[in-house]
Amino acid sequence: NSGIIRHKGKILATIDNAKIFLNIQKEFGTFSKYIWSFTEGQIIKNKDDNFVVSSPLSDRISKDLKKRGMKYVGSVIIYSYLQAIGVINDHELGCFCYEK
């Protein structure tokens, strides 16, 4: 669909990234286990209301994914992903979703 992605490099990267994702699943059992191995299963919680767009954790995961051959997996994208899947809890301290 030309309305979704028009950049050939991104299309090819998506295919290659999927292959690498499957290799990570084989190596760790699941992609989830791979991701959680970086925090030893611990959720990273916001300690203050100073919000960032990347962290040493997202830097490490991004670097590892790039080393494995993935493309378009920069630290900011990985940080957003970690927030979305619950590895990083970046809710404001006063938010009802922030677990103490």
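Q: At what relative accessibility does leucine 12 count as partly exposed?
A: The model is predicted: local features need pLDDT of at least 70, side-chain atom pairs count only at pLDDT 80 or more, and totals for chains, interfaces and linings use all residues. Residues are numbered from 1 along each chain as its sequence is written, and side-chain values use heavy atoms, without hydrogens and water. Leucine 12 belongs to helix H1, residues 8–28. Buried means under 20% relative accessible area, exposed over 50% and partly exposed in between, with a 1.4 Å probe and protein chains only, so leucine 12 is partly exposed at 44%.

Q: Which residues form a nonpolar patch on the surface?
A: Patch members have over 30% relative accessible area and no salt bridge; nonpolar side chains (Val, Leu, Ile, Met, Phe, Trp, Tyr) are joined within 5 Å, like charges within 9 Å. The accessible area of this patch, about 250 Å² together, comes from the Shrake-Rupley method with a 1.4 Å probe and only the protein chains shown as cover. The residues are Ile11, Leu12 and Ile15.

Q: In what order do the elements of the protein chain run from the N terminus on?
A: Helices (H or I, at least four residues) and strands (E, at least two) are DSSP runs, numbered from the N terminus. The protein chain has four helices and two strands. Their order is α-α-β-α-α-β.

Q: What percentage of the residues of the protein chain count as buried?
A: The C-alpha trace spans about 45 × 35 × 20 Å along its principal axes. The protein chain has 100 residues, and the buried part is 27%.

Q: Which residue forms a salt bridge with glutamate 27?
A: A salt bridge is a side-chain nitrogen of Lys or Arg within 4 Å of a carboxyl oxygen of Asp or Glu. For glutamate 27 the closest N and O atoms of the pair are 2.8 Å apart. The pair links distant parts of the chain, 41 residues apart, from helix H1 to the loop between H3 and H4.

Q: Which residues are linked in a network of salt bridges?
A: Aspartate 64 forms a salt bridge with lysine 67 at 3.9 Å between the closest N and O atoms, and another with arginine 68 at 2.7 Å. Aspartate 64 and lysine 67 both lie in helix H3, three residues apart, about one turn of the helix. Aspartate 64 is buried at 15%, while lysine 67 is exposed at 69%. The network consists of Glu27, Asp64, Lys67 and Arg68.

Q: What is the phi of tyrosine 72?
A: Tyrosine 72 lies in the loop between helix H3 (56–67) and helix H4 (75–84). With a relative accessible area of 49%, tyrosine 72 is partly exposed. Although tyrosine 72 is not a glycine, its phi is positive, at about 60°.

Q: What is the phi of glutamate 40?
A: Glutamate 40 is placed in the loop between helix H2 (31–37) and strand S1 (44–45). At 72% relative accessibility, glutamate 40 counts as exposed. Its phi is positive in a residue other than glycine, near 55°.

Q: Which residues lie nearest the centre of the largest pocket?
A: A pocket is an open set of points on a 1 Å grid over the protein atoms alone, where a 1.4 Å probe fits, with protein on both sides within 12 Å along at least five of seven lines; lining residues have an atom within 4 Å of a point. The lining has 13 residues, and those nearest the centre are Ile44, Lys45, Val52, Tyr79 and Asp90.
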